Amino acid sequence: GERPRQLALLARLVEVWGWTSQAEELWCTIANGKTEQYAALQALYRLYNTKHDTRQLMRVSSRIYQLNRADFVAKNNLALFSLLLHQQIYPSAHQLALETYQASSNTVAFLTTYAYSLHDQKHTADGVRLLGTLSEAQLQDPAVSAYYGLLLADQQPDKARPYLKRADQA
């Protein structure tokens with residue numbers, strides 16, 4: 001653990017070999033060390049994203065955000081995963097979602113997370129209105145379609161169906 005660069009080389013090598021659990025273990029060792037943590041956390045994020053492991057993605061996003069409070073992507077991801085998993089974090093996921101949206105309201109991922117946060121707070125109509133400001137091309141993105149369809153389903157089920165279908169096909 002005292003030689004993070006060598007461990008990172010080994011982690012990349014075993015990951016290429018398909019030994020993901022060993023790579024994960026090595027990346028965790030580096031991430032818990034004193035240097036090279038950010039690169040290791042990015043590698044863990046990539047691994048967990050491939051596995052669709054939302055709980056671990058939240059954990060990694062939280063650690064990245066702890067290391068760099070100016071990382072709005074990590075902040076947004078932490079908010080989103082916390083909302084999806086109904087996890088209580090401090091500051092609240094709703095506050096994090098609002099802050100990232102206010103910092104860059106034209107970033108589709110931040111807008112989508114904030115809209116979902118509004119829905120989670122029982123302000124679905126506000127979330128639908130917010131998502132409605134996106135272009136049709138942006139709404140066709142499967143990730144955006146999923147949230148738009150979910151929010152629309154509460155109020156306009158017929159309008160929600162094509163968006164949910166697009167998200168499901170992706």
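**Close-up views of a predicted helical model**

View 1. T124 lies in helix α8, which covers residues 124–131; helices here are DSSP runs of H or I with at least four residues, numbered from the N terminus. The model is predicted, so local features need pLDDT of at least 70 and side-chain atom pairs count only at pLDDT 80 or more, while totals for chains, interfaces and linings use all residues. Residues are numbered from 1 along each chain as its sequence is written, and side-chain values use heavy atoms, with hydrogens and water left out. T124 has a relative accessible area of 8% and is therefore buried, a term that means under 20% relative accessible area with a 1.4 Å probe and protein chains only. The side chain of T124 makes a polar contact with the side chain of H119 at 2.8 Å; a polar contact is a pair of N or O atoms within 3.5 Å, in which, within protein, one must be able to donate a hydrogen and the other to accept it, and residues adjacent in sequence count only if both atoms are side-chain atoms. Apart from its neighbours within four places in sequence, T124 is in contact (heavy atoms within 4.5 Å) with L118, H119, L151, D154 and Q155.

**View 2. Helix α5 and what covers it.** Of the 14 residues of α5, 11 are buried, so this helix is largely enclosed by the rest of the structure. Among the buried residues are A74, L78, F81 and L85, and the cover over the buried residues of α5 includes α3 (37–51), α4 (54–67), α6 (93–103), α7 (108–120) and α10 (142–155). At the start of α5, a side-chain oxygen of D71 reaches to within 3.1 Å of the backbone nitrogen of V73, and the helix is followed by H86, whose phi is positive, near 55°.

**View 3. The packing of α4 against α5.** The axes of these helices, which are lines fitted to C-alpha atoms over the stretch in contact, come within 8 Å and cross at roughly 145°, where angles run from 0 to 180 degrees between N-to-C directions. Residues that make the contact include L57, M58 and I64 of α4, and L78, F81 and L85 of α5.

**View 4. The packing of α6 against α7.** Helices α6 and α7 pack at an angle of about 145°, with their axes 8 Å apart. In this pair, H94, A97, L98, T100 and Y101 of α6 meet F110, L111, T113, Y114, S117 and D120 of α7.

Technical notes: Buried < 20%, exposed > 50% of the residue type's maximum accessible area, 1.4 Å probe, protein only. Helix = DSSP H or I, 4+ residues; strand = E, 2+ residues; numbered from the N terminus.
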